[in-house]
Amino acid sequence: MTENTRNETVLVTGASGKTGRQVADAAKAAGFGVRAASRGGAVRFDWYDRSTWDEALRGSRAAYLAYPPDVGAPGADESIAAFAQRAQEFGVRRLVLLSAIGERQAEPAERALRESGAEWTIVRATWFMQNFSEGLLLEGVRSGEFVFPAGEAPQPFIDTRDIADVVVEALTDSSYVGRALEITGSRLLSFREAMAEISAAAGREIRYVPESVKEYGAILAGFGLSPEEVAFTEALIEELLHGGDAKATDDLRQVLGRAPRDFRDFAREHAARGVWKT
Ligand SMILES: NC(=O)c1ccc[n+]([C@@H]2O[C@H](COP(=O)([O-])OP(=O)(O)OC[C@H]3O[C@@H](n4cnc5c(N)ncnc54)[C@H](OP(=O)(O)O)[C@@H]3O)[C@@H](O)[C@H]2O)c1
């Protein structure tokens, strides 16, 4: 059951990012005031600069936490523990952390939140559909030849708008406190099939070209990532995309009472907006 949320404010971190933007919109639609926070946002907030935390927290009752670049990055656990502590000192008791299904590296960050004393919910998601329509991978898709080390294993891609709807329920409804929700789309597609869906929607061929994780790591090193960052990214890709059978889950339907958005609809909608035009 959803509680009355009017006249309450939530802090949304990563508010200009793939999930944060949708969480901010969904929270506003649910009647929350929103403090949209990021380094360059209306409310300045930097995970690596604690002097920005208090102002971001002031006046909120709950917060959505998206930890960039990855919830499993080294140091995420310390930042999340310290932030959760500070949040509670400011009366921000309910904290919802975005995590990833099957990501062993995310366990310390999740543990830090669970042990913080906050009213916590962890929302573990699978690969975002929007990785293909915004952010780092968009240019590769748009080029017509999407080179990526995802192999051929199918994934239950999720729409970030569905993540946002679940996050808002978790911010609102106390029955999700103390729970880890695992949310996915309902249809498993390989990256090759995902590109075929986007090609059909966009009316142009976009080929998937698998490469090895090591080849991808070498490209990242060429872009200036440190050896540690390259090793972390390689391990993450191995684990998330080559780690075994990905499965669709039912948690999203249980929380929202409806099916997840489908990849075909995502592709058609974004193609109509011209996202993959050359
Ligand atoms: N991509 C996936 O498929 C996937 C799947 C499951 C979980 N996840 C998790 O999703 C999280 C990332 O969320 P997202 O994809 O929505 O974000 P995103 O699109 O990568 O955008 C990052 C957001 O965080 C802000 N930001 C960047 N550095 C920051 C810093 N030092 N301090 C505060 N804010 C900062 C950015 O704005 P500014 O530049 O203005 O600061 C932006 O709003 C990660 O924890 C990742 O593990 C991703």
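**A parallel sheet and a buried arginine**

Strand β4 (residues 62–65) is covered on both faces: Ala62 and Tyr64 on one side, and Ala63 and Leu65 on the other, are all buried. Here buried means under 20% relative accessible area, exposed means over 50%, and partly exposed is what lies in between (1.4 Å probe, protein chains only). Strands (E, at least two residues) and helices (H or I, at least four) are DSSP runs, numbered from the N terminus. The model is a predicted one, so local features need pLDDT of at least 70 and side-chain atom pairs count only at pLDDT 80 or more, while totals for chains, interfaces and linings use all residues. Residues are numbered from 1 along each chain as its sequence is written, and side-chain values use heavy atoms, with hydrogens and water left out.

On to the partners of β4. Strand β1 (residues 9–13) runs parallel to β4 and is joined to it by 3 bridges, with Val10 bridged to Ala62. Strand β5 also runs parallel to β4, through 4 bridges, and Tyr64 has Val96 as its bridge partner there. Two strands count as paired if DSSP finds at least two bridges between them.

These strands belong to an open sheet of 7 strands with parallel pairing, in the order β3-β2-β1-β4-β5-β6-β8. Its edges are β3 (43–44) and β8 (179–183), each of which pairs on one side only. At the β3 end, β2 (residues 33–38) pairs with β3 in the parallel sense over 2 bridges, and Ala37 has Val43 as its bridge partner. Helix α4 (residues 107–114) lies across β5 (94–100) and β6 (119–125), at about 155° to β6; axes are lines fitted to C-alpha atoms, for helices over the stretch in contact, and angles run from 0 to 180 degrees between N-to-C directions.

Arg161 sits in helix α6 (residues 160–172) and is buried, at 15% relative accessible area. Its side chain makes a polar contact with that of Glu269 at 2.6 Å (a pair of N or O atoms within 3.5 Å; within protein, one must be able to donate a hydrogen and the other to accept it, and residues adjacent in sequence count only if both atoms are side-chain atoms). Leaving aside neighbours within four places in sequence, Arg161 is in contact (heavy atoms within 4.5 Å) with Gln22, Gln130, Arg261, Glu269, His270 and Arg273.

As for the whole chain, there are 11 helices and 9 strands, and 50% of the 278 residues count as buried.
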